Amino acid sequence: IDLQGAASAKLLAKMLADPDKTFDAMPYFSFKGGFGPLASALDDVKTDDGAPILLSRSGYTGEFGFEIFAQPEHIVPLWERILDLGAPKGLLTCGLAARDSLRAGAVLPLSHQDIGHWPFINHPWPFALPFTPDGKQFTKDFIGAAALLSASDPDHTLPFVGKDLRKVDTDSATVYDTDGNRLGEVLTCATDMGIGWADGRIYSIASPDRPADFKPRGLCCGFIRINRSLAAGREVELRDKRRKIRVTIADDIRPDRTARRPLKEMR
């Protein structure tokens, strides 16, 4: 169960047997606890009715939140309790497509869609590979390192953001430069409904400095795989069988994301 949003720790604390111990020293993308036969050998994380869980500070949305893993017999009671506790705070249920939209706005690539069988080496996530400072070698060996280092002119995977919420169909969409030259293909194209343009910049619904009359209408965003490097700010055109849309190469998309905020600030 994926619980996301600024109030998620406050809600979750009402369900945990020992929220202070569980939340202590729990940074972004860490986890505690366990379930099943090995639960007793792991960190003791339980709900207040005794159900052992694995709790992870993740969710792949770019926002503060948790993922909760438990034995199948505990899932429905957990789900129902979360809905009951969250109802007064406006908690909403949603499906996996909402996560896909949010992870695109948070510039988080998805394995097998944005990270595929091609050499994934030219991309805006340098921390994903242990490069040496000169960028010519890796600091440690791993399976596939030699293939990456010997790749000849590998493609570039780059994020983009649109001017409105219109999307293209990734099953057929291709990328062109402003002169009409084909550059590559669209890997992901989703609509992040929590962002919008105002005064020449992107604001999110959570931006503290957003204009008073700001109402996000959503922006398309995602990833392209192309045959050259383009700097942030460059425009390209995405085409499918129905439409053409102009989008801008970006190094970041949704501002003021909360995922990395210290847990103690969110309680």
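Student: Which residue forms a salt bridge with Asp-100?
Tutor: Arg-103 does. The closest N and O atoms of the pair are 2.9 Å apart. Keep in mind that this is a predicted model.

Student: Where do Asp-100 and Arg-103 lie?
Tutor: Both are in helix H4, which covers residues 96-105. They sit 3 residues apart, about one turn of the helix.

Student: Is Arg-103 buried or exposed?
Tutor: Arg-103 is buried. Its relative accessible area is 0%.

Student: Why can side chains pair like that at all?
Tutor: Side chains of opposite charge can pair when their charged atoms come close.

Student: How many salt bridges are there in the whole structure?
Tutor: A search finds 15. Take Arg-239 and Glu-237 as another example: their side chains meet at 2.7 Å, N to O.

Student: How accessible are Arg-239 and Glu-237?
Tutor: Arg-239 is partly exposed, at 22% relative accessible area. Glu-237 is buried, at 14%. The cut-off for buried is under 20%, so Glu-237 falls below it.

Student: What about Arg-246 and Glu-237?
Tutor: Those two form a salt bridge as well, with the closest N and O atoms 3.7 Å apart. Arg-246 is partly exposed, with a relative accessible area of 34%.

Student: Which residues are joined into that network?
Tutor: Lys-163, Glu-235, Glu-237, Arg-239 and Arg-246. Salt bridges that share partners link them into one network.

Student: New topic. How many cavities of 30 Å³ or more does the search find?
Tutor: The search finds 1. The largest cavity holds about 30 Å³ of space.

Student: What lines the largest cavity?
Tutor: Its lining includes Gln-4, Tyr-28, Arg-57 and Glu-63. By class, the lining has 2 nonpolar, 6 polar and 2 charged residues.

Student: And the largest pocket, what's its volume?
Tutor: About 1200 Å³. It is lined by 40 residues, and those closest to its centre are Gln-4, Gly-5, Leu-92, Cys-94 and Leu-102.

Student: Which elements give two or more residues to that lining?
Tutor: Strand S1 (2-4), helix H1 (8-13), helix H3 (72-86), H4 and strand S7 (182-192). H4 gives the most, with 5 residues. That is the helix that holds Asp-100 and Arg-103.

Student: How does the lining of the largest pocket split by class?
Tutor: It has 19 nonpolar, 14 polar and 7 charged residues.

Student: How much space is in the second largest pocket?
Tutor: About 480 Å³. Its lining has 21 residues, and Ala-106, Val-107, Leu-108, Phe-127 and Arg-260 lie nearest its centre. That lining divides into 14 nonpolar, 3 polar and 4 charged residues.

Student: Last topic, cysteines. How many disulfides does the search find?
Tutor: The search finds 0. Cys-94, for one, is in no disulfide: the nearest cysteine sulfur belongs to Cys-221 and is 16 Å away.

Student: Is Cys-94 buried or exposed?
Tutor: Cys-94 counts as exposed, at 63% relative accessibility.

Conventions: Residues are numbered from 1 along each chain as its sequence is written. This is a predicted model: local features need pLDDT of at least 70, side-chain atom pairs count only at pLDDT 80 or more; totals for chains, interfaces and linings use all residues. Side-chain values use heavy atoms; hydrogens and water are left out. A salt bridge is a side-chain nitrogen of Lys or Arg within 4 Å of a carboxyl oxygen of Asp or Glu. Helices (H or I, at least four residues) and strands (E, at least two) are DSSP runs, numbered from the N terminus. Buried means under 20% relative accessible area, exposed over 50%, partly exposed in between (1.4 Å probe, protein chains only). On a 1 Å grid over the protein atoms alone, a cavity is a set of points where a 1.4 Å probe fits but cannot get out, and a pocket is an open set with protein on both sides within 12 Å along at least five of seven lines; lining residues have an atom within 4 Å of a point. Grid points are joined across faces, edges and corners, and a volume is the space filled by probe spheres set on the points. Ala, Val, Leu, Ile, Met, Phe, Trp, Tyr, Cys and Pro count as nonpolar, Asp, Glu, Lys and Arg as charged, and the others, Gly among them, as polar. A disulfide is a pair of cysteine sulfur atoms within 2.5 Å.
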